[in-house]
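Open your viewer and get ready to select a few residues with me. We will go stop by stop.

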Amino acid sequence: MTDSNLSPNLVKLHKSNEEGLSSGLINELGSLQFTVYDLVKDKNFSFDLSHPAYESNEHIRRTLSELFIMRVSKGLGWSNPSVQSLSGRQGTIKIILTALRRLGVWWAENKPSSKLSEWNQGDVKHLLQDVLELKVDWQSDDNRNRHRHRVKQEGIANRAVIDSIVLALNESEKFALMGNIQDGLSFNLYEKQQKAILRPILKRHQIIYEDWKKGGSWSSIPQPVAMLLLNDAIEVIRDKKTSFLIEYFQFQRSDMYYSVISVFDKTTFQHFCDGLWRFEGSGSNEALDSKPNAEALLSLIHKHYGASYNSFPLSLKEISSWCENVYRAALVILLSLTGARISELASMKAGDLTYNLDGLWGFKSDIVKTNHGLSTIRGVHGLAAEAVRALEQLSYLDKLDPNEEIEVFLFGKFFSKSVKRTCFSLESWTQCASIQATFSMLKKFYAAFLKRHPEIKVIWPNIHPHQLRHTFAEFALRRFDGNVNEAIRRHFRHSNRSFMTNIYLSNKVDETFLYAQEVMIQEIAEKMINDARDLLNQNETEPRFFGAAMNAALELLDVTVISSEEELESVIEEFAEGFEKIVPHEYGYCMPRTKTISQSQCFDKVSKVAKLEEAGFSTCSSCVHSVQEINSHEASIAQIGLTHAQQMKSIEATTCFSLESNKFYQASKSAVKSAERLLKRMNSDKIIVSSKE
């Protein structure tokens with residue numbers, strides 16, 4: 001049985017890589033042989049999804065064929081409907097093919113007469129456990145002979161294998177609901193379900209689930225190390241030398257520029273600074289003409305180094321060395337605070353950064369891996385925007401010149417004096433930085449970082465750019481956490497609605513964010529349990545956490561006898577598993593419990609969904625799932641209350657109408673009362689000066 005509506009749904013969007021080709025179809029719906037064009041390698045690759053196990057099962061074959069097409073195209077359908085072409089990265093497609101072949105073999109051997117839509121959670125559990133224990137013989141004879149030395153034969157599968165199977169199943173549900181494939185799972189498989197399914201098997205193999213989940217992939221840098229690294233990068237970007245050089249290069253790009261040769265190779269500028277100009281240049285019209293420029297340059301030096309400073313503060317070598325350092329620091333900042341891949345940053349073009357009225361800077365990049373080469377907007381705020389500005393400004397060449405036909409890349413280096421020569425050829429300097437070159441920049445900055453902080457070498461001796469991508473997810477989560485230093489807090493406080501942050505805050509299938517979220521829930525759950533333990537034991541410590549979740553921790557401990565560290569860890573794990581997720585705000589953590597999520601103030605009774613990311617202070621402050629930690633949230637709550645109190649006073653002073661009917665006044669009044677209530681619950685000594693009401 002096939003869905004007659006399927007083909008039209010597979011012909012959406014997506015730019016063709018086979019324009020003008022009309023002689024036959026490249027791929028056919030229902031076939032298991034595919035040709036896919038790799039945009040980066042500019043080459044077609046053949047993929048064979050067939051396997052003897054399901055060779056004669058038409059339903060399985062058809063479903064796998066449809067699911068392959070939709071997964072390769074990320075739901076966009078054929079690249080070119082007229083020839084049914086597909087585009088994607090070769091490596092990614094190999095992962096998709098292997099996952100679908102594993103799924104198809106297990107399906108054919110265990111439930112050959114069923115549809116995916118008829119499977120229950122027990123069937124999925126059986127599948128994942130068999131895949132984890134390498135019980136599914138998914139290889140074809142040809143693949144087995146060619147890659148026997150590379151394929152794991154015993155033990156357990158790694159996390160990536162399970163993740164690819166789960167993603168295929170969850171995507172099948174989505175595509176089936178959209179009518180894009182004929183059959184798909186009827187439910188979604190969540191992280192907690194996976195954990196419950198896999199943990200017993202892993203325990204039998206003496207493997208801790210969290211260690212297996214972390215796997216061999218790039219983990220995030222420990223947060224103290226990441227913050228110290230980022231702090232060093234920020235110091236470079238904001239150093240006095242950086243500020244001076246930004247203005248120096250701006251001056252040298254202007255009509256007032258002063259000869260670079262006269263500054264560094266001849267003694268002309270130094271003679272001017274020393275008051276010898278009139279003797280050396282009295283007979284030179286050129287010297288007289290350039291005197292205002294020399295005065296302007298000296299004035300710039302005095303601005304940054306003081307009026308007593310009468311020489312150029314840096315040599316050519318020192319300028320080049322410092323600019324290299326700034327470029328490396330900017331790379332660290334952009335990797336840490338935008339979530340961009342190093343390949344994306346290497347190909348960024350200067351001038352792509354534009355300011356929007358909502359306070360968000362945005363720039364475009366060609367993200368081939370994730371978006372088929374289409375330009376995608378990246379959100380840039382605060383510190384990241386500072387880094388981009390430094391990269392654009394530290395240059396003798398005007399990278400932002402709108403009249404320049406040749407594209408100049410953001411990481412293009414134009415801070416040597418050769419750029420000012422008449423023979424300088426821009427065409428030979430316009431290539432983007434290679435991934436290897438940018439990776440080398442990161443390694444050099446980290447090597448210098450370890451020299452400044454030798455104690456870190458024991459904790460984290462090496463760095464990889466993808467680790468910073470994972471660290472970004474943690475920074476985005478913890479942007480209101482007291483553990484994150486103030487510069488990063490401000491950056492993410494400003495950018496919490498930006499494109500990049502919301503990618504991690506709302507995309508439920510992003511493994512980086514999910515893992516960071518799981519770690520954060522575990523960490524806060526442990527702190528709350530220990531806090532509750534201190535309170536029940538009447539230790540002389542002030543409570544740190546407040547809210548309904550803290551009450552739940554107290555209730556759990558009150559009925560539990562703990563006689564060992566192992567039992568305490570078990571209680572913490574039980575408590576942590578009760579939370580559906582965590583959404584941080586400046587005024588507290590939203591930590592809905594699975595059993596009570598329908599009691600959320602933001603719960604939509606129509607869609608039956610708690611709209612956690614859309615909630616605000618007024619909604620969250622009275623919610624049973626709101627948790628406050630005094631060190632992280634007290635000051636912000638007080639500030640919110642003060643801001644609304646000022647708003648009330650402003651309205652009182654400017655309106656002659658009834659305040660009862662002023663919705664803005666009443667909203668601020670409600671916010672003030674909520675802030676006062678929370679501060680009182682926290683036993684805070686902070687006071688909000690309310691209005692006359």
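Helices (H or I, at least four residues) and strands (E, at least two) are DSSP runs, numbered from the N terminus, and two strands pair if DSSP finds at least two bridges between them. This is a predicted model, in which local features need pLDDT of at least 70 and side-chain atom pairs count only at pLDDT 80 or more, while totals for chains, interfaces and linings use all residues. Residues are numbered from 1 along each chain as its sequence is written, and side-chain values use heavy atoms, leaving out hydrogens and water.

**Stop one: the strands.** Select residues 33–38, strand E1, and residues 43–48, strand E2: they pair in the antiparallel sense over six bridges. E1 and E2 make a hairpin with four residues between them. Click on Asp42 in that turn, where phi is positive, about 55°. Next, pick Thr35 and find Ser46, its bridge partner in E2.

**Stop two: the cysteines.** A disulfide is a covalent bond between the sulfur atoms of two cysteines. Counted as pairs of cysteine sulfur atoms within 2.5 Å, there are zero disulfides. Cys620 is buried at 6% relative accessibility (buried means under 20% relative accessible area, exposed over 50%, partly exposed in between, with a 1.4 Å probe and protein chains only). Select Cys323 too: it is buried, at 0%.

**Stop three: a histidine.** Go to His271 in helix H12, residues 268–273. His271 is buried, with a relative accessible area of 19%. Finally, select Asn310: its C-alpha is 9.9 Å from that of His271, although the two are 39 residues apart in sequence.
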